[in-house]
Structure formats: C-alpha cells, structure tokens
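Hello,

Here is the structure for you to open.

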Amino acid sequence: MQAIAQLEDFRQETRAWLEANCPASMRTPMVDAEVVWGGRKATFVNPESKVWLERMADKGWTTPTWPKEYGGGGLSKEESIILSQEMARINARPPLNSFGISMLGPVLLESGTHEQKMEHIPKIVRGEIRWCQGYSEPGSGSDLASLNTKAVLDGDEYVINGSKVWTSYADKADWIFCLVRTDSEVPKHAGISFILFDMDAPGVTTKPIKLISGMSPFCETFFDNARAKATNLVGGLNNGWAIAKRLLQHERTMISGFGLAGSQGDRGGTTSTMDSVERAAMYYRGDTDKISDPGLRDEIAQFKIDSAAFALTSQRSIEESKQGQGPNATSSMLKNYGCELNKRRYELLLSSLGSQALGWEGEGFANDEIAVTREWLRSKANSIEGGTSEVQLNVIAKRVLGLPDMLSLVQK
Amino acid sequence: MSLVLSEDQQLLKDSAKAFVDQNAPVSVLRGLRDSKDALGYDQNLWRQMLELGWAGMAIPEAYGGFEFGYGGLGVVLEESGRTLLSSPLIATVLLGASAINELGSETQKSELLPKVVSGELLLALAIDEKPHHRPNRIETSAVKAGDGYVLNGCKTFVLDGHIANKLVVVARTSGAIDDESGISLFLIDANTDGVSINRSWMVDSRNSAMLSLNDVKIGGDALLGAEGNAYPGLTRVLDIGRIGVAAEMLGSMQQAFDITLDYLKQREQFGVLIGSFQGLQHRAAEMYSEIELCKSAVRAALSALDDAEKTDAKIAELASIAKAKLSEVATLVSNEAVQMHGGIGMTDEYDIGFYMKRARVASAFLGDALFHRDRYASLNGF
C-alpha cells in the first residue's frame, strides 16, 4: 500500500492532467461508430479520438498497470484505480479497445521473452497493431484442444496450414495470436503451440460470416502455407495449451463485463429508454406509476436484483484479487453468470417492447428498436463464445468444487 | 463500502465458527426438538454466547455494548446459521435491541440495552397479524386512555414470543388498516394482564408464538418512539432484521451446500462417484454461483448498516436485494440438497432435512422473495 498522501498527490495531478488533455467530445457517452480499435487500418470518425488516443498512449495510460519498460503506465493498482475513478468523474471515454490489451498483452507479459515483449507490447499500448484470436476451428469448438491447424518448422520459420473459425474481426486485424498443432504424436493437449504472425503474410485469407443478427463480426480464416517466425512462438514449443487457458481466463473476465450492463443502465447520463428495462416496459405498455403486468414486473425486479448482486460480486472479486493474483477460477463463474444476465436482459426487453421489438428494418420501427432486435439476436452468442456456458459449468465443477472429472476418465 | 471482511471481522468469524462447531452442532437443535424443550434454546449455550459478547455486538458503548457494528453481528449470525443454532440472537439482539436503539428514548436505551448485553432481558417483536408479512397492514389497536393506552388485537409468527420478558408490539393509534401513518410501537411486559402467549411449534423446531392482547392497559411510558409516527423507524428496524436473517441464511445455505458436495464426492452408483455426473455437476456449479451472489448481497447490506452516510432508502434497497436473493437461493439450495441426497435426504436421521425446514421459515420471516421483489420494484419507481 502506498502512503495516502502520495496517492492524494497522484489524484490531484491526474485530475489536472485529464482536465487539460481530455478533448471535450471524449467526455460524452461513447457511440458505437467512434469506438477506437487501433491498427494499421484504423480510421477515426471523430478526429478527437485520435488526439485522445495519442495523449493517453504517450503516458502509457491505455494500459495503466503495464511496465514502463514496454511503454505501459507503470502505475500501482491503487494508482490505476484512482485513474479510472478520475476518468469516470469526467465521463472520459476509454481511449482504446483491443484484444491486444484485454487478452494477448497480459499473457505476453506473463510468459513472453524480453524480445517478444519489446517487439509487440509497445505497439499494443499505442494501438498501432490490431490483434485477432485464432482459436476455434470448424471441428474444434468446445473441444478446443482437438484443433488441427498444423505448424511445421522450416528453417527459422513455421509453415502453417489449416483454418480457423469465429475469428472476431479477422478482416480488420493486422496480426493474429494463434493455436497450432506442432506435435500430432502426443496426447492432444501436449502438442499445441501458441504463435504470433502477420495477417498480411502470403497465404492468409479471411471471409466474414453473416450471423442471425444480420451482422458479421466474425470470420473464417484460412492458412495456406502461411509463414511465421519461429521467434514468435510464445511460452515454448508444445506448451501452448497452458498459455491458451490463461488467455481464456482473461477473455472470460472481459466478457463477464457484459453482465454489468443491467445494473449500469440506470446510472445518470443515459439517454435511451432501452437502457433501463423497467422504463422500456412502462413506456411501451403505456404505464405511468408501475408496470401493469405483475408477472413482467416481478421478472424485471428479479433481473434487476440479480444484476445488482452480480455487480457487487464483480466488485468483491476485484477487492479480493487486489493482492495481484489476477483472474482465478471464479472468472468462469462471472463469465457464465454475466452472459446469462445479458441474455435475460434482452429477453425482457423483447417482452417489454412487444411487437416493436420484432421488426427487422424499414418503416414503423425506430433505430433503437431495431437495435434491440439485433442485439437480442447477438446476445445469444454470449453463452457460446469464449467457452460455452456448459463448458464454464464444467470448469466450476472441476476446478472450484473439486468434483470428479468424468471426461478425463472417458479420454483415457 | 467494503465487500471483504476486515481483519477484526475475520478473526471474530473464525472464533465464532470454532465455538459453534465445538459447542452447537445440529444435534443440539435435534435434542431440543426431541425433548420438546420448554424454552426452545439451550440456556447454557446462550450464557456462553453472552460471555463472548455476542449480545452486545451492535449496541453502542454508551449503553454497555461493544460497538462492533452490524458487520460483526452479521458474521456471528452467519456462523450460527451453519449449524442452525437456536438462540435469542435474532429476536432479542437483532430485532428487539435494534428497535430500542433506533426508536427508544434516552431513558429506555440506558435502562434496557445494558440488560440485553448482560442477558437479563429477552425481547420479541410482534408485528405480523396474518399469514403474510405486510408491515403496514396493522389492525391491532392502541386507544389512548388517560395517560396510557389500551391495546387489543392478535399477532402471529412472534419469534421467541413465549420466552421474552418484554414484547415490542406494533399497533395502530390512528388511521386505516393499510396506512403507514398512525402506527406506533409499544414495549409491554410479557406478564401484563390481558396478554396471552401461546407457543407455536414450527417446522424448523425454532421458537415462535401467537399473541393475543385483550384490553391490555399500559402506561404512556410504554410508547417506543413517536405516537403514530413509528413507521420509518420500524422500517429501519425491519431492514436490520432482514439483513441479519439473510446473514444467518447465508451460513445455513453454505453449510447445506458443503454437506451436499461432500455427499457427491462419497456416494457411488453405477461404479462411479455420483459427483462425476454432468447432470449433477452443472446444478452444483449453478448453486455455487448463486451462493457467491448471495454472499456479496449480504456483505454489501451489512456494511451499509455500519456506514453512517448510507440513507434509509439505500439501506431499504440493499435489504430487499439481500432478502429477496437469499430467500430465493435458500429454497433452491435446500431443495437440491435433499434431491441430490436421494432417499437418505428424506430421513429424519440425516441432518439435511433440518436445513430445508429452516430455509422455508427464514425465507418467509420478515418478507419472502416475492414480497421483497415487489418492494424493490416500488422503491425503484416501477
């Protein structure tokens, strides 16, 4: 723990710096089109987003707790909490969103070599390279370790052949962190490596997948003799599964954040009726003092109570991990519950909006109504991506509750 | 607001656990039930609990207490819930003493609270009149007569009613049956003429009573709080009670879950441990998640009670979150516990049934999940 006085100084300095450096439009609620993902193909709809990113990146505050050596902010936990509080105070937008920050960076810092960190971390911090995740394959979903994409050493490079699926934003990404099979003769978990390579390399192609929501956030990705430098294999040959699992914990922690939407919707500053399920229910039912359908009212109350208890649990989990253990097995529980809550939220919004939530496009439906319909469909993936809810429950049963693992018996 | 226990609270929790494990296993409650014990709690155990200072945990030092806060009382209740310990902790300490502390005059507080700490005084709160908890629906009347009042009415589900020396009675001094205004609280000696108390034998083997008041004459000094205007204070007392009972329920549900988990790791069928079946694993994992949410809800509500900056409205909201969630999950966990035990879970010889019975009574006490969801919705304007 740092001295209180020292932290108070940091707060004052941070407050002053943010006041001076956060552009006015970066203190307004985020709109989807202006989210900054960075990368070589980055576009800035709002030029102030670029200014904000550069100023924050110069201080390393896009990744406040990462080491200074690699371009991070070098802040202590306490200081980074103060930074986020001070950003919240002026409603500052996050300067940069990326899988590099939420997924790859933390494992690279834990398991990468000094050279790997020097090459990749600063570009993540500055948003110069946009990363995508090559995990699932057409035949390897929940049973991820059965993956088949092969990497064969040829000189100082690996030659990669195979295909990935559900690669988020692969068509917009610059580099990929990818699970590949480097040994087919050993048990499936023991022959996997974790490797990084450029998506512009010859032999890499991507194809967007159209989803039930009409959107295409995911791609199929094909590797036809694509080449990766052997020095970009992370964590050692055939040790990729340990890295993959660690990264999944970080990913689950990120996805569980979706469940917080239910309790955050009612905080000040929100503009849309859709942000609050109960307001939407009253508005579309024409109710004034309370929701006139007692069944819907009870369900919404239960949802709100669960959302509040979930938010408290996320907060408790942060307080408990303050000693720096990072995400642990409870991240599976938070991911699972958060996803289910988000799905419940959209089911309740659908009930609340009635037929106004059943439009696809065109006249008769407002943009935010169509958005509810599309997001309701999108939310169904929450309990599939990053490990299905069923897989999360398996993980809780085995790792947290210590129940015997039937699957491992079967596989032996 | 902190959601993790302080070092002092953790020490208290550990020592409470050690005490409860060693001295108050479920067999104590079973013994009280089987012998139809006249008191319904173990006096010797209660004396030891008094010596440990549990009765004075949340009472200010000025009135002989230890000012350790509701956070302290909460961890004691949680641990006592683990073995279904039956004691005056809830009726006397959590509800009765809080009523005096929140609504009482200086004289009432300095006279009565030290007696709670020492164990000389047992209390009971008489509020419910019908099978459902509806705190503003009060028919029991208190009519002014000279300097005092005359009370008439009936109360039910009065926890510890038959052992209390003094009753805290919720009565109406004016207004219509559902009005919040016109509600007053009175402190009545249990042996006053016209007070009749009948013990009810409850499914959870804990204490409860029916109370009837027939022309009970009391002095003006029996009034607790302002005449006709006690509802806001009463609401705070009820919220303290709801949060404390939620803490007790948290202990009980964790123990029921732990017992069940052990069983899943011991019982073999089809040549394997039944805990290896996915059909049971997923349900266990879901219960674990729900219990984690319960723990957060209880910690947040307890810590709000000890935070002077938290408004009554915020406490009301957290109390309803906690009691709604705990009541719902206590039902889930205790039902699943019996189901996962199979036939043995249906036997009286096995303890798990005690947990299911207690879960139902505690869920209904001071408002069940439906009551608190309705209240939460009203508090939030929908």
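Buried here means under 20% relative accessible area, exposed over 50%, and partly exposed in between (1.4 Å probe, protein chains only). This is a predicted model: local features need pLDDT of at least 70, side-chain atom pairs count only at pLDDT 80 or more, and totals for chains, interfaces and linings use all residues. Residues are numbered from 1 along each chain as its sequence is written, chains are lettered from A and ligands numbered from 1 in the order written, and side-chain values use heavy atoms, with hydrogens and water left out.

**Helix H11 of chain A**

Helices (H or I, at least four residues) and strands (E, at least two) are DSSP runs, numbered from the N terminus. Buried residues in H11(A) include A:Glu369, A:Ile370, A:Arg374 and A:Leu377. What do the buried residues of H11(A) pack against? Strand E7 (218–229), helix H8 (277–285) and helix H10 (330–353), in chain A. Contact means heavy atoms within 4.5 Å.

**Between the chains**

H9(A) (residues 294–320) meets H8(B) (residues 278–305). Their axes come within 8 Å and cross at roughly 85 degrees. Axes are lines fitted to C-alpha atoms, for helices over the stretch in contact; angles run from 0 to 180 degrees between N-to-C directions. H9(A) is therefore roughly perpendicular to H8(B). (Under 35 degrees counts as roughly parallel, over 145 as roughly antiparallel, 65 to 115 as roughly perpendicular, the rest as oblique.) Among the residues in contact are A:Phe310 and A:Arg316 of H9(A), and B:Glu292 and B:Leu293 of H8(B). By class there are six nonpolar, two polar and four charged residues. Ala, Val, Leu, Ile, Met, Phe, Trp, Tyr, Cys and Pro count as nonpolar, Asp, Glu, Lys and Arg as charged, and the others, Gly among them, as polar.

**Within chain B**

H2(B) (residues 26–34) and H10(B) (residues 352–364) have axes that come within 11 Å and cross at roughly 75 degrees. These two helices are therefore roughly perpendicular as well. B:Val26, B:Leu29, B:Arg30 and B:Arg33 meet B:Phe354, B:Tyr355 and B:Lys357.

B:Thr83 sits in the loop between H4 (69–82) and H5 (89–103) of chain B. Its relative accessibility is 8%, so B:Thr83 counts as buried. Beyond its neighbours within four places in sequence, B:Thr83 contacts residues including B:Val26 and B:Tyr355.

Best wishes
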